[in-house]
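Visitor: Hi, could you walk me through this one? I'd like to start with the surface.
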Amino acid sequence: MGMKTKITLGAVVGIVVIGAVSANSGDGGGEGKSDNRTSAGAEEKPGGTKGDGASGAKSAEDKATEKASQADQFKAFVNKNGTPSEKEAVAHVTKVQGAEEQNDILDAADVYTDFTGGIMGEGMGPAKLIASAFADWKQSENGLVTVYDADGELLGNGNF
């Protein structure tokens with residue numbers, strides 16, 4: 001194979017990969033994604049009402065959840081749906097990053113806690129519970145949640 005052929009083949013493969021990634025990262029209409037359309041859809045009428053007359057406005061609970069931090073949203077979910085041991089573990093969560101934007105290609109979220117001592121400290125067991133509860137809260141084709149202690153040391157991780 002000549003040098004020009006290799007370069008051309010590499011460029012074609014690169015373009016295909018970029019196209020596949022950009023196609024998968026579109027707004028796709030999945031759950032939890034915002035809708036940035038500027039015109040009314042077929043089911044909607046101007047003024048925020050749907051074709052069946054129901055209001056398209058969000059409830060007060062949905063608006064409050066949107067304004068809450070990711071950590072608060074996660075804690076609220078676990079307090080509503082989690083087991084007692086998960087609720088106890090999630091009470092130590094101080095910060096959650098990376099839970100909002102997901103594309104099912106390589107999703108990564110970080111959960112920070114107030115545990116100390118790193119992987120040999122008291123937080124390793126609860127870290128597995130936190131990762132499990134996170135997997136119940138968010139779903140991804142290829143997601144990884146990592147749980148850290150107060151000093152930023154790794155406590156555990158899990159798929160979601």
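This is a predicted model: local features need pLDDT of at least 70, side-chain atom pairs count only at pLDDT 80 or more; totals for chains, interfaces and linings use all residues.

Visitor: Where does Met124 lie?
Guide: Met124 is in helix 5, which covers residues 124-137.

Visitor: And why does Met124 count as partly exposed?
Guide: Because its relative accessibility is 39%, and partly exposed runs between the 20% limit for buried and the 50% limit for exposed.

Visitor: What about burial, then: what percentage of the residues is buried?
Guide: Of the 160 residues in the protein, 24% are buried.

Visitor: Switching to the fold, how many helices and strands are there?
Guide: The protein has 5 helices and 6 strands. Starting at the N terminus, their order is α-β-β-α-α-α-β-β-α-β-β.

Visitor: What share of the contacts joins residues at least 24 apart?
Guide: If you take contacts between residues at least 6 apart in sequence, 52% of them do.

Visitor: Last topic, confidence. What is the mean pLDDT?
Guide: The mean is 77 for the protein, with 59% of residues at 70 or more.

Visitor: Where is the pLDDT below 50?
Guide: Over residues 27-56. In the model, that stretch has 17 contacts beyond near neighbours in sequence.

Note on methods:
Residues are numbered from 1 along each chain as its sequence is written. Side-chain values use heavy atoms; hydrogens and water are left out. Helices (H or I, at least four residues) and strands (E, at least two) are DSSP runs, numbered from the N terminus. Buried means under 20% relative accessible area, exposed over 50%, partly exposed in between (1.4 Å probe, protein chains only). Contact means heavy atoms within 4.5 Å. pLDDT is the predictor's confidence in each residue, from 0 to 100.
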